[in-house]
Amino acid sequence: MESRKLIVIGIDGCATWIVDELLRTYDDLRGFRRLKKDGTMGDLTSVDPPLSAPAWASVYTGVGPGIHGIVDFVYIANDFRLRPYGFVNDRPLPLVWDLLCKAGLKTIVINPPMVYPAYKLDGVLVSGWPGPRLSTYPKRLNELVRKTQYRIDIDDPRTQFQKDARRALRELAQVTRARVNLAIQCMESFADWDFFFIVFTSTDRAQHYAIGRANWQTLLHEIYSEIDRFLLRSFEEIASSNGALVLVSDHGFQPVKKTFLMNSWLFQNGFLAAELCPKHYAFSFWRKVYGPRTSVILDKMNRLFSKDRLGDGYRDVDFDHTIAFAGGSNADTVNVWLSDERFCRPALENRKSNAIGQERMLKHLSSKLMNLKTSDGEVLIRDIRVPAITEKASGVGQAIEPNLVVKANRGYTIDVNVIDPLNSLIAPSVYRHGEHDSTGVLGIYIEGNAISQGTRINSVSSVVDIAPAIMRFFDLPTPSWMSVG
Ligand SMILES: [Zn+2]
C-alpha cells in the first residue's frame with residue numbers, strides 16, 4: 001500500500017471570518033490563500049461551552065465532553081473549590097494517534113493541549129498546554145527543542161498584555177516562530193512519518209486582546225505569517241505522497257462589546273451571598289461613575305488588589321447562604337450551579353425531598369436571566385439549557401455537574417470572577433476585547449484531488465468529526481465509540 005501523509009494543523013481560536021479578513025488585508029499569506037483557493041474552507045462547530053480544553057480533547061478522541069468528561073480547564077468539587085481536570089491521556093479513551101500507532105503508522109505530535117506528560121509511541125510527542133513543564137518523547141528530541149528555543153506559551157499572558165501589549169504580541173510571535181522551526185526540524189529528522197499533528201496556541205492569547213480592536217489585523221499579522229510559513233512547508237511535504245492537509249480550530253472568536261458579570265448579577269439579585277469589603281464598593285462605584293473611560297486605570301488598580309477574583313478559592317463568597325453561583329472559565333457560555341446536597345455545605349434543602357422547590361428555583365432564575373436587556377434594548381442572554389453532561393464522565397468522579405448552561409448573545413461575554421455590588425454589565429477590560437465563540441474553521445486540501453472552492457465537507461461539521469475523518473483517511477475502521485459521520 002502506498003503511504004499517504006496527513007498533516008493536521010490546529011490553530012487555537014481561528015475562524016473562517018478571521019482568515020478571510022486577513023487575506024483581504026494582506027497579500028503575503030500565501031499558504032492560507034492557497035488552502036482557500038485549491039482546497040476548501042468552512043465553519044467547524046465547537047463543543048459547548050466553546051473552551052480550549054474540552055474542544056481539543058474532542059478533536060483527539062472523537063467524542064463530546066459528555067463522554068470524555070472534560071468540560072472546562074478546571075472543575076468544581078464538592079468543597080466549592082476549583083481543581084484542574086487533569087489530562088486527556090490519563091483517561092481510558094485512546095487518542096486518535098494512539099490508534100494510528102497501533103495500526104503501524106508513525107506519528108509526530110507537537111503541542112496538543114491537555115496532553116501531558118509525553119509518553120512512548122511510534123514517533124514523536126511534545127507535550128502541550130497546560131502541562132507544568134515541557135515533556136518530550138523520545139529524549140533525543142530535547143536537543144532540537146533547545147536549539148529551536150521552543151516554548152509552550154508566554155508566562156501569564158493577561159498580566160503581560162496589561163503591562164505592555166506590543167511586547168506581549170512580539171513574544172507570542174517568537175513562540176510561534178520557534179514552534180514552526182521545531183516542526184520543520186522534526187519533519188526532516190524523522191522523515192518516515194505518516195501523520196503530523198501540531199497546535200498553535202499564540203493565536204488564542206493574542207486574539208483575546210486584539211479581536212474587537214480597530215487594528216486587529218495588524219496586531220495578529222506577524223503570528224499568522226509564521227503559521228503561514230508552516231502551511232507553505234506543509235504543501236511541499238505532502239506533494240510527493242498524494243497526502244492531505246487539514247486546518248482545524250477548537251473554537252472561533254468574536255469581538256466583545258460588553259461583559260456580563262454573572263456573579264455580580266446573582267449577588268445583586270439575592271442568589272449569591274458574599275462578604276464584601278469597602279474595596280469592592282470603591283471599585284464598583286468607580287466603574288459606575290467613570291465607566292469605560294477609566295478602565296485602563298481601573299484595570300491597573302485591580303491588578304494591585306486582585307483578590308476579589310472567584311478563581312482565587314472563591315474567597316469572598318459566603319457559600320452557607322448562596323443559592324446559585326457561576327464558576328470556571330470566562331467565555332460566551334458559562335455554567336451555573338445550585339448549591340444543593342451535592343456540595344459539602346448546601347444552602348438548599350435536600351434535592352430529593354425538595355425536588356419541586358429546586359425545579360421552581362431554576363425556572364425562576366432562568367426566566368429572570370432570559371428577560372435581561374442591555375441599555376440599548378438588546379437581549380443579553382441568548383439561550384439557557386440544562387447541560388448534556390449527565391453521562392458518567394470518564395476519569396473524574398469528583399466533578400459536580402452544573403445545573404444550567406447560560407449562553408450570552410453575540411457581542412457579549414460572561415465573567416465569573418468579579419463580584420461588583422453595583423454593576424452587572426461593563427465595558428471590556430483592557431485585556432479582553434475578543435472572546436471565544438462556537439464557530440471555528442475547517443480547511444482541507446487533498447493533493448491531486450481538486451475540491452472545488454466552497455465545497456462543503458458534509459461529514460465533518462463539528463470538532464468530534466475530526467478523529468473519525470483521520471481514521472477514514474488511513475482506511476482504518478472507525479471505533480464504535482466515535483461519532484459516525
Ligand atoms: Zn482555544
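I'll start with a pair of helices: the axes of helix 8 and helix 9, the latter covering residues 202-210, come within 9 Å and cross at roughly 160 degrees. This is a predicted model, so please hear every value as computed from it. Angles over 145 degrees count as roughly antiparallel, and helix 8 and helix 9 are therefore roughly antiparallel to each other. Their crossing is left-handed.

Which residues make up the meeting of the two? From helix 8 they are Ala165, Leu169, Leu172, Val175 and Thr176, and from helix 9 they are Ser202, Arg205, Ala206 and Tyr209. An α-helix has 3.6 residues a turn, so residues three or four places apart point the same way. Keep that in mind when you look at the helix 8 list.

Helix 8 itself covers residues 165-189, which is 25 residues. From its first C-alpha to its last, helix 8 reaches 36 Å, close to the 36 Å expected at 1.5 Å a residue. Several of its residues are buried, among them Leu169, Leu172, Val175 and Thr176.

Now the wider picture. The protein has 485 residues, and 47% of them count as buried. There are 15 helices and 19 strands. Of the contacts with a separation of 6 or more, 72% are between residues 24 or more positions apart.

How many bridges join strand 14 to strand 15? There are 4, and the two strands run antiparallel. Strand 14 is residues 381-385. Ile381 has Ala408 of strand 15 as its bridge partner, and Ile384 has Val406 of strand 15. Strand 15, residues 404-408, also pairs with strand 13, residues 333-338, again in the antiparallel sense and over 4 bridges. There, Thr333 stands opposite Lys407 of strand 15.

Now some backbone details. Most residues other than glycine have a negative phi, and most peptide bonds are trans. Here are some exceptions.

Tyr116 and Pro117 are joined by a cis peptide bond, with omega about -10 degrees. Pro117 sits in the loop between strand 5, at 107-110, and strand 6, at 123-126. Tyr137 and Pro138 are joined by a cis peptide bond as well, with omega about -5 degrees. Pro138 lies in the loop between strand 7, at 136-137, and helix 6, at 141-148.

The loop between helix 6 and helix 7, the latter at 157-163, holds Gln149. Gln149 is not a glycine, yet its phi is positive, about 60 degrees. Asp156 is in the loop between helix 6 and helix 7 too, and its phi is near 40 degrees, again positive in a residue other than glycine. Are these two buried or exposed? Gln149 is partly exposed, with 13 other C-beta atoms within 10 Å, while Asp156 is exposed, with 11.

One last item is Phe285, in helix 12, residues 278-290. Phe285 is partly exposed, having 14 other C-beta atoms within 10 Å. Phe285 and Asp420 are 135 residues apart in sequence, but 9.0 Å apart in space, C-alpha to C-alpha.

Key. Residues are numbered from 1 along each chain as its sequence is written. This is a predicted model: local features need pLDDT of at least 70, side-chain atom pairs count only at pLDDT 80 or more; totals for chains, interfaces and linings use all residues. Two strands pair if DSSP finds at least two bridges between them. A residue is buried if 20 or more other C-beta atoms lie within 10 Å of its own, exposed if 12 or fewer, and partly exposed in between; C-beta atoms are placed from the backbone. Two residues are in contact if their C-beta atoms, placed from the backbone, lie within 7 Å. The expected span of a helix is 1.5 Å times one less than its number of residues. Axes are lines fitted to C-alpha atoms, for helices over the stretch in contact, and angles run from 0 to 180 degrees between N-to-C directions. Angles under 35 degrees count as roughly parallel, over 145 as roughly antiparallel, 65 to 115 as roughly perpendicular and the rest as oblique. A crossing is left-handed if the near helix is turned anticlockwise from the far one by less than a right angle, and right-handed if clockwise.
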